[in-house]
Amino acid sequence: YYYKVKTLVQKNKKSLNQFDLTGAYIQLSQYCLKKISEGFTKFEKESFEIYKEELKEKTYRMNDGSMAPLFYKNVVKSGLILKELDWVKNFIYEYKGELSKSFRDNYFHFCLALYEFQAGNFGFSMELNSKIKYDELYMKVNSKLLHMQLLYETNGHESLISFLESFRHFLVNNKIIPADRKSLFSNFQKYLSKIIIYGNNNDKTKAGLLYKDLLREKVVINKEWLLEKTALIK
C-alpha cells in the first residue's frame, strides 16, 4: 500500500492543496521510518527520496516560511546513511538560511559536524560539536551521542568509558525524556560499552553474538554505526 499511495500522490499532487500534500508526505515518511526501525534497509532510500520531494514541493515550510530544525537534521541524517556526502554538504549550506535564527547556529553546527564525522574529519567534527549550546534538551543528547562516537573513532577510550557512565547517570536522572525515547539512547550506551570491552579483549565470539543482538534490536539510535564497529572486532 505504501507504493500505491506514493504513486497516487505523484500522479495527483497538482490537484492537492498544500495542507493535504504535506500530510501525505508526512505519512509516507513516517512509514519509511517505521520500516527502517524494523530492519528493512531498502526504505532508507525511500525515506531520502520522500525528503527530496518535500524540498521540491516546499511542503516542509512552517507557517512563518521557515524550515523546521528537526526536518533539517533528519534530511542530513538520511542523506549521510546513503553516503550522499556532496548532496548533504550542499543542502546544509543552501538551507541554513531557512532555519529560524533561534535554531540556526546550533543546527548548522551540529549537521555540519555530522557531515564531517561521516567524511572522516573527526577533529573538525569535534570542533564543530563543541560550538553547540545546550539550550535544547534533545540537541544536548544528540551532541553527547556524537561526542561519544568521536571519542571512539579517535581512540579516546579512557575518556569515553568515563563519559558513558556520566551519560548513563544523565539519562537515569532525567525526568523529561519519555521512556521510549530514553531507551533509544540508553541502548546506545549499553551496546557501545560492550563494544569497547569486547574490542579491548579481542573477543570475537562475544562480538559476533553482540552483532546478532544488534541486528534484532529495534530500539537503538545510530544502529548502523554500532553494527559497523562491532563487525570490526577481530
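This is a predicted model: local features need pLDDT of at least 70, side-chain atom pairs count only at pLDDT 80 or more; totals for chains, interfaces and linings use all residues.
## Nonpolar cores

The largest nonpolar core contains 55 residues. Within this core, the residues with the most contacts are Met-67, Tyr-72, Ile-92, Phe-188, Leu-192 and Leu-226. Helix α6 (residues 101–118) supplies the largest share, nine residues.

Leaving aside residues up to four places away in sequence, Ile-92 touches Tyr-72, Val-76, Phe-108, Cys-111, Leu-112 and Tyr-115. A second core of nine residues is separate and includes Ala-24, Tyr-25, Leu-28 and Cys-32.

## Packing of α1 and α3

Helix α1 (residues 2–12) and helix α3 (residues 42–57) have axes that come within 13 Å and cross at roughly 20°. Because angles under 35 degrees count as roughly parallel, α1 is roughly parallel to α3. Their crossing is left-handed.

On the α1 side, the contact is made by Tyr-2, Tyr-3, Lys-6 and Gln-10. On the α3 side, Lys-42, Phe-43, Glu-46, Ile-50 and Glu-53 take part. By class, the contact of α1 with α3 has four nonpolar, four charged and one polar residue.

## Positive phi in two loops

Lys-83 is in the loop between α4 (69–81) and α5 (85–94). Its phi is near 65°, a positive value in a residue other than glycine. Lys-83 is exposed, at a relative accessible area of 53%.

Asn-155 is in the loop between α8 (137–153) and α9 (157–173). Although not a glycine, Asn-155 has a positive phi of about 60°. Asn-155 is exposed, with a relative accessible area of 63%.

Conventions:
Residues are numbered from 1 along each chain as its sequence is written. Side-chain values use heavy atoms; hydrogens and water are left out. A nonpolar core is a set of buried Ala, Val, Leu, Ile, Met, Phe, Trp, Tyr and Cys residues joined through side-chain atoms within 4.5 Å. Buried means under 20% relative accessible area, exposed over 50%, partly exposed in between (1.4 Å probe, protein chains only). Helices (H or I, at least four residues) and strands (E, at least two) are DSSP runs, numbered from the N terminus. Contact means heavy atoms within 4.5 Å. Axes are lines fitted to C-alpha atoms, for helices over the stretch in contact, and angles run from 0 to 180 degrees between N-to-C directions. Angles under 35 degrees count as roughly parallel, over 145 as roughly antiparallel, 65 to 115 as roughly perpendicular and the rest as oblique. A crossing is left-handed if the near helix is turned anticlockwise from the far one by less than a right angle, and right-handed if clockwise. Ala, Val, Leu, Ile, Met, Phe, Trp, Tyr, Cys and Pro count as nonpolar, Asp, Glu, Lys and Arg as charged, and the others, Gly among them, as polar.
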